[in-house]
Amino acid sequence: MASITVSPAKQKSGFDMRVVLAFAAIYILWGSTYLAIRVAVQLVPPLLAAGIRFFLAGTLLYAVMRLYRRPAPTGKEWGSLAVLGVLMFVVTYGAVFWAEQYVPSGFTSVLEATLPLITIGLEVFVFRQQRFRWSLLVSIAVGFVGILLLLMHNAQHVSILPCIAIFGGGVAWSLGAVLTRALPLPRSKGITAGAEMMLGGAILLILSASTGEMHPFPHLSGKAVGALLYLVVAGSLVGFSAFVWLLGRMPATRVASHAYINPVVAVALGYFFAGEVVTPRMLLGTALIVASVALILVKDKAEVPDRLADLEEVA
């Protein structure tokens with residue numbers, strides 16, 4: 001990764017509205033995409049839906065960045081982008097789109113909320129990118145208790161294989177998030193996000209064609225098109241660009257805290273739009289999750305300004 005140069009203005013203040021907006025994108029928009037995925041895969045084959053989402057979003061973002069004269073990736077950088085594209089899109093989202101045919105969206109979001117626990121394990125014990133801190137472990141544990149409460153509330157008869165697929169996809173995403181800070185990647189975060197999505201989406205489309213999902217090509221209803229467009233714009237163009245932008249400025253564990261807020265958003269959408277019942281157990285679980293996120297985000301404030309330098313604007 002390129003070295004970070006901190007401007008004097010940024011050193012004087014750790015507050016940056018772009019960081020607030022970026023976290024809002026990965027917290028709220030990504031939380032809403034679970035319902036959009038559920039809608040899409042009921043109408044479109046899962047690998048095709050995932051491939052359309054990421055290939056369109058990635059191609060558009062990459063093209064815009066090139067028009068803004070951002071440098072194209074080098075050969076070595078393309079190799080890194082391909083690895084991340086496979087981990088974070090083919091494996092992770094291929095599993096999620098397939099599994100949501102059988103598992104409710106809220107249940108899926110709860111399983112995905114194990115991301116911070118996986119990520120901290122990789123950062124601390126495997127890649128040694130962070131030193132071990134009991135305070136961080138405690139905050140993760142608080143959130144995990146909240147996740148268990150939500151999981152208990154959503155306990156129902158679900159297929160084991162889709163759940164295993166979702167969890168395995170989460171491991172792949174966490175690995176990709178950690179490797180993002182270690183592999184050689186383009187300086188432009190827009191180029192990085194676009195290329196990863198484009199490559200991942202292309203592979204998903206190839207897999208879709210090879211598994212017979214396109215024979216015959218399915219009819220795309222207005223509802224299906226609307227769900228896919230929402231996933232392309234809100235989930236990918238805005239959400240993933242914000243995710244990559246944040247990864248260049250702070251530890252992957254902190255960025256992965258979105259996995260605690262996403263289930264809260266998913267539960268709220270289920271309550272308002274799908275008639276799900278909110279119980280005291282759910283409210284307690286939600287409170288614990290939000291508290292754990294607060295603990296993660298306020299820890300070690302001293303290191304935050306050094307990660308807020310602007311390497312490259314996404315647009």
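Helices here are DSSP runs of H or I with at least four residues, numbered from the N terminus. By that rule, the elements of this predicted model run α-α-α-α-α-α-α-α-α-α-α-α-α from the N terminus on.

**Whole chain**

Start with everything shown as cartoon. The protein has 13 helices and 0 strands. Colour by accessibility next: of the 315 residues, 54% are buried. Among contacts with a separation of 6 or more, 92% join residues 24 or more positions apart.

**The largest core**

Select Ile-26, Phe-97, Phe-240, Phe-243 and Leu-246. These residues have the most contacts inside the largest nonpolar core, which has 77 residues.

Zoom in on Ile-26. Which residues does Ile-26 touch, leaving aside those up to four places away in sequence? Show Gly-239, Ala-242, Phe-243 and Leu-246, then Val-255, His-258 and Asn-262.

Another core lies apart from the largest one. This core has 6 residues, among them Val-103, Phe-107, Cys-163 and Ile-166.

**H9 and Ser-208**

Move to helix H9, residues 189-210, and pick Ser-208 within it. Is Ser-208 buried or exposed? Its relative accessible area is 0%, so Ser-208 is buried. Display its partners: Ser-208 touches Leu-47, Leu-48, Glu-213 and Met-214, not counting residues up to four places away in sequence.

**H9 against H10**

Keep H9 and bring back H10. The two pack at an angle of about 125 degrees, with their axes 9 Å apart. That angle makes H9 oblique to H10. The crossing of H9 past H10 is right-handed.

Show side chains on both helices. From H9, the contact takes Lys-189, Thr-192, Ala-193, Glu-196 and Met-197. From H10 come Ser-236, Phe-240, Ser-241, Val-244 and Trp-245. Colour them by class: the contact of H9 with H10 has 5 nonpolar, 3 polar and 2 charged residues.

**H3 against H4**

Select helix H3, residues 46-67, and helix H4, residues 75-99. What is the angle at which H3 and H4 pack? The angle is about 145 degrees, and the axes are 9 Å apart. H3 passes H4 in a right-handed crossing.

On the H3 side, show Pro-46, Leu-47, Ala-49, Ala-50, Arg-53, Phe-54 and Tyr-62. They meet Trp-78, Phe-89, Tyr-93, Gly-94, Phe-97 and Trp-98 of H4. By class, the contact of H3 with H4 holds 11 nonpolar residues, 1 polar and 1 charged.

**H2 against H5**

Finish with helix H2, residues 17-41, and helix H5, residues 105-112. Their axes come within 9 Å and cross at roughly 130 degrees. H2 and H5 are therefore oblique to each other. The crossing of H2 past H5 is right-handed.

Which residues make this contact? Pick Tyr-34, Leu-35 and Arg-38 on H2, then Ser-105, Thr-108, Ser-109 and Glu-112 on H5. By class, the contact of H2 with H5 has 2 nonpolar, 3 polar and 2 charged residues.

Notes:
Residues numbered from 1 in each chain as written. Predicted model: local features only at pLDDT ≥ 70, side-chain atom pairs only at ≥ 80, totals over all residues. Heavy atoms only, no water. Core = buried A, V, L, I, M, F, W, Y, C linked by side-chain atoms within 4.5 Å. Buried < 20%, exposed > 50% of the residue type's maximum accessible area, 1.4 Å probe, protein only. Contact = heavy atoms within 4.5 Å. Axes fitted to C-alpha atoms, helices over the stretch in contact; angles between N-to-C directions. Parallel < 35°, antiparallel > 145°, perpendicular 65-115°, else oblique. Left-handed = near helix turned anticlockwise from the far one by under 90°. Nonpolar A, V, L, I, M, F, W, Y, C, P; charged D, E, K, R; others polar.
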